[in-house]
Structure formats: C-alpha cells, structure tokens
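Biologist: I have a model open and want to learn how to read it. Can we go feature by feature?

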Amino acid sequence: MQVSGPQLSISIYPFEGGQYTISGTNAGVLQAQINTSLKGGTGTFSLALAPGGPNGVNARPYWTELLTPMSLVIIGLSRGSYNQTPMIAVVT
C-alpha cells in the first residue's frame, strides 16, 4: 500500500492586482506551517520560501512582488481525493 503526503497549493491575490497560484513540490515553498483553532479566533501561517521567487533566484516574479502587505492568501491542502482550505489570510 502506497501512502501519499499532503499536497500544498497557495493562491496569492496581491493588493496591487492579479492572481498567482503556487502548487506542487517544486514551486519554491520549502515549508508551510499553519496554525488554526477549531474553537474560533485567529490563526497564523508562515512560509519558508526558496531564495528569489517561485521560479528561482534570477526569474520574476520575486517573492517581494507577490507577498506584499494586504495581499490575500488562500492555502489549500489535498491528499488523495480529499481537499481542504485550512487558511484564508491577509499578509501583514
């Protein structure tokens, strides 16, 4: 029996306009940590990102162009046929 790990996808809507979606294991996200509470309240997320941007050090867009203050970020996780959205947040 083969077990698959969760797949991460991140949709970013910069305050300045446009949409950018990061998905898969080679998209520049090294680690994602999501903290939420089942009883309400606020949650937090943090991303460990590869240098430069999702396409590498010398390729645009850069992280500083995508993750600007007030950008809407939607983080989705999936495993097999199950999909969930554990975090919808605004970058501060």
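Modeller: Tyr13, Phe15, Met70, Leu72, Ile88 and Val90 make a nonpolar surface patch of about 590 Å². Patch members have over 30% relative accessible area and no salt bridge; nonpolar side chains (Val, Leu, Ile, Met, Phe, Trp, Tyr) are joined within 5 Å, like charges within 9 Å. Areas come from the Shrake-Rupley method with a 1.4 Å probe, and for residues only the protein chains shown count as cover.

Biologist: What kind of model is this?

Modeller: This is a predicted model, in which local features need pLDDT of at least 70 and side-chain atom pairs count only at pLDDT 80 or more, while totals for chains, interfaces and linings use all residues. Residues are numbered from 1 along each chain as its sequence is written, and side-chain values use heavy atoms, with hydrogens and water left out.

Biologist: Why does Ile88 count as exposed?

Modeller: Its relative accessibility is 58%, so Ile88 counts as exposed. The scale runs like this: buried is under 20% relative accessible area, exposed is over 50%, and partly exposed is in between (1.4 Å probe, protein chains only).

Biologist: Next, charges. How many salt bridges does the structure hold?

Modeller: The criterion is a side-chain nitrogen of Lys or Arg within 4 Å of a carboxyl oxygen of Asp or Glu. The structure holds 1 such salt bridge. Arg60 forms it with Glu65, and their closest N and O atoms are 2.4 Å apart. Arg60 is exposed, because its relative accessible area is 59%. Glu65 has 28% relative accessibility, so Glu65 counts as partly exposed.

Biologist: Now the fold. Which elements run from the N terminus on?

Modeller: The order is β-β-β-β-α-β-β. That comes to 1 helix and 6 strands.

Biologist: How should I read a sheet?

Modeller: Strands of a sheet pair through backbone hydrogen bonds, either parallel or antiparallel. Two strands count as paired if DSSP finds at least two bridges between them. Here an open sheet of 4 strands has the order E2-E1-E5-E6, with antiparallel pairing. Strand E2 (20-23) and E6 stand at the edges with a single partner strand each, so one side of each is left without a neighbour in the sheet. On average, neighbouring strands of this sheet are turned by 15° against each other, direction ignored. Such axes are lines fitted to C-alpha atoms, for helices over the stretch in contact, and angles run from 0 to 180 degrees between N-to-C directions.

Biologist: Which strands pair over 7 bridges?

Modeller: Strand E1 (residues 7-13) and strand E5 (residues 72-79) do, in the antiparallel sense. E1 is also joined to E2, by 4 bridges, again antiparallel. Ser9 stands opposite Gly76 in E5 and opposite Ser23 in E2. Ile12 has Tyr20 as its bridge partner in E2.

Biologist: What about the hairpin of E1 and E2?

Modeller: This hairpin has 6 residues between the strands, and Gly17 takes a positive phi near 120° there.

Biologist: Is Ser11 buried or exposed?

Modeller: Ser11 sits in strand E1. Its relative accessibility is 16%, so Ser11 counts as buried. Its bridge partner in E5 is Ile74. Contact means heavy atoms within 4.5 Å. Leaving out residues up to four places away in sequence, Ser11 touches Gln19, Tyr20, Thr21, Leu72, Val73 and Ile74.

Biologist: And which residues is Ser78 in contact with?

Modeller: Gly5, Pro6, Gln7 and Asn83, leaving aside neighbours of Ser78 within four places in sequence. Ser78 is in strand E5 and is partly exposed, because its relative accessible area is 22%.

Biologist: Last, the whole chain. What box do the C-alpha atoms fill?

Modeller: Roughly 40 × 35 × 20 Å, along the principal axes. Buried residues make up 25% of the 92 residues. The protein exposes about 6,400 Å², and carbon and sulfur atoms supply 54% of that area. Of the contacts with a separation of 6 or more, 43% come from residues 24 or more positions apart.

Technical notes:
Helix = DSSP H or I, 4+ residues; strand = E, 2+ residues; numbered from the N terminus.
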